[in-house]
Number of protein chains: 2
Amino acid sequence: MSTPSIAVVSGGVGAARFLAGLVSAVDDPSAITAIVNTADDCEIHGLAISPDIDTVTYTLAGAIDPDRGWGLMDERWIAMESLARYEAVRPTGSSAANRWFNLGDRDLATHLYRTARRAEGATLTAITDEVRRAWDVPISIVPMTDDRIATTVDTVEHGEISFQDYFVRLHHDVAVTAVHFRGEARLSPAARQALEHADVVVIAPSNPLVSIGPIRSLPDVDHILAARRDHVVAVSPIVGGAALKGPADHMMVELGHEASVVGVARLYQPIASVLVVDEVDAHLADAVEGAGMRCVATPSIMSTPARARALAAVTLAAANDRMR
Amino acid sequence: MSTPSIAVVSGGVGAARFLAGLVSAVDDPSAITAIVNTADDCEIHGLAISPDIDTVTYTLAGAIDPDRGWGLMDERWIAMESLARYEAVRPTGSSAANRWFNLGDRDLATHLYRTARRAEGATLTAITDEVRRAWDVPISIVPMTDDRIATTVDTVEHGEISFQDYFVRLHHDVAVTAVHFRGEARLSPAARQALEHADVVVIAPSNPLVSIGPIRSLPDVDHILAARRDHVVAVSPIVGGAALKGPADHMMVELGHEASVVGVARLYQPIASVLVVDEVDAHLADAVEGAGMRCVATPSIMSTPARARALAAVTLAAANDRMR
């Protein structure tokens, strides 16, 4: 098909797989811009880590480790294993030598590069594009913001903790009572351009609260999308009442939402006109429409590249139908 | 022998080998304190690197790569090799993805730990002691200062450049017209304690200008040593008019000194009473004495642990003779 310009509002693994499908579904991948959540970004051992950007980049480069879903394939862990020596000597309360946030030796190069460019004053937008080009990724990848913003979650057991503490260290296995986005951040110019002017905006099948949520928390984003919601299609990350990966389902319940495509529709109704749901949720189409979104049901589990491509094609077609 | 307390004013490789000899020459290594140059310290890819401290620590741990003289044995270079991808995409003028300062994967753990501890506000003194304990090194290793100070050199070809630019990138293969120590730094409390109170102070066979020089540049150091020069013995890093390693010989000439044990004596005469020289320089003993230092000639090339131990024993004996 002739390629409209497409902005994809993106988190990590689910968005990355959707983007890979989209690349194979269009004639000209350079018309695609991924606007990626950076509120999970963190500094570990002094290194600037951007987990969702790296997951998107590595996936589109065909270099992601398919089993872990993060980091590079054919990875080694010598630096991390060598850190073990220092765990015994760090003072009480120090988080130096922490190894729960695992960084492979190949992956470290990306963080070393990003950190060095940061120290030189480069924006995350510029760095992300350099890394993308180094991996020959054919789409634009832009951070949602060039400013620092950090997701935290309130937990009963541990109080307010960083997103990576919650997600990686605690394996998102604790109940969350609130989500915060700490920091004053503005939409990056490239992200704004794409949201305002893309022919189609897709909200990727990512966690609505902690992947898409931080992007929506930036000034103007909901306003921009609401003003053009006929151009905006969302893909549900909830299938049959469950998240395929990550804590979206129980987190939605903990925060007062329904863990279903209907709950997703209620969240996205102000900013998107169509919700693509899995065929197992076809019986909920009326409820989704009742929540204010047109509903398209299709196989949405991206277990193979062909399925990801098919989901992307259906999503694009739904957007084009809507705009016609 | 019963062990006096010994402070060793130290640079990198030569000092590290001397210290290893000293450890094997005394009954109680815990009486030894290495006061180590930190003016070569640098930040690369955002990581805090302390080359001389690491060379001393790794050498005394028996873990140094004996051929390179720096870094760890059995090292891998996956992270550095993976940086190559980013060289092609960094903008002109960026030094990100530089690989001339090579960091092995095992060695990276030390820099990750030091960087994380720095970010937590720990002093370099505290961090250095933690790293030392992680490697079971039996002596005290203290940085000359907890403040930032950086050696730069003036060169005809390149102007004023950082020490690592000169030493590593340019292989110390350019003429130097001046040396500067940039930054305001004070002697660390532990270094001051050792210099003021050790029974014996040894100036290790390190570069007098860029390894020992930065330590002497700190306020009070020359004053402290001059006041107790009968307790201070220096070991010449110049043997037969040449440096065994590094640029000390041509740098001395470039900066107006004589590249000989006599030139070394003229530099150290104000702060040390004895100069230990190699046996090949025994014929210069009178000239050394003429420059104001007692001269002890002995085999000083530390090509084996036994030779390093013998040199350390002679050096200690010379100090004890002097004080008797």
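**Aromatic pairs and the interface**

Guide: Over all chains the structure holds 12 aromatic pairs, a pair being two rings of Phe, Tyr or Trp (its six-membered ring) whose centres lie within 6.5 Å. This is a predicted model, in which local features need pLDDT of at least 70 and side-chain atom pairs count only at pLDDT 80 or more, whereas totals for chains, interfaces and linings use all residues. Residues are numbered from 1 along each chain as its sequence is written, chains are lettered from A and ligands numbered from 1 in the order in which they are written, and side-chain values use heavy atoms, with hydrogens and water left out.

Visitor: What makes A:Trp100 and A:Phe101 an edge-to-face pair?

Guide: Their planes stand at 75° with 6.3 Å centre to centre; planes over 60 degrees apart count as edge-to-face, under 30 as stacked and the rest as tilted, so this pair is edge-to-face.

Visitor: Why is A:Phe101 called buried, and why does A:Trp100 count as partly exposed?

Guide: Buried means under 20% relative accessible area, exposed over 50% and partly exposed in between (1.4 Å probe, protein chains only). A:Phe101 has 10% and is therefore buried, while A:Trp100, at 27%, counts as partly exposed.

Visitor: Why is the pair of A:Phe163 and A:Tyr166 called tilted?

Guide: The angle between the planes is 55°, at 6.2 Å centre to centre, so the pair belongs to neither the stacked nor the edge-to-face class and is tilted. Because they are 3 residues apart in helix H6 (residues 163-169) of chain A, A:Phe163 and A:Tyr166 are separated by about one helical turn, a helix being a DSSP run (H or I) of at least four residues, numbered from the N terminus. Ring pairs link A:Phe163, A:Tyr166 and A:Phe167 into a cluster.

Visitor: How do you know which residues of chain A and chain B are in contact?

Guide: Contact means heavy atoms within 4.5 Å, and 34 residues of chain A are in contact with 34 residues of chain B.

Visitor: What makes B:Thr57 a buried residue?

Guide: B:Thr57, which is found in helix H2 (residues 51-60) of chain B, has a relative accessible area of 0% and is therefore buried. Not counting residues up to four places away in sequence, B:Thr57 touches B:Val131, B:Arg132, B:Trp135, B:Val137 and B:Ile141.

Note on methods
Helices (H or I, at least four residues) and strands (E, at least two) are DSSP runs, numbered from the N terminus.
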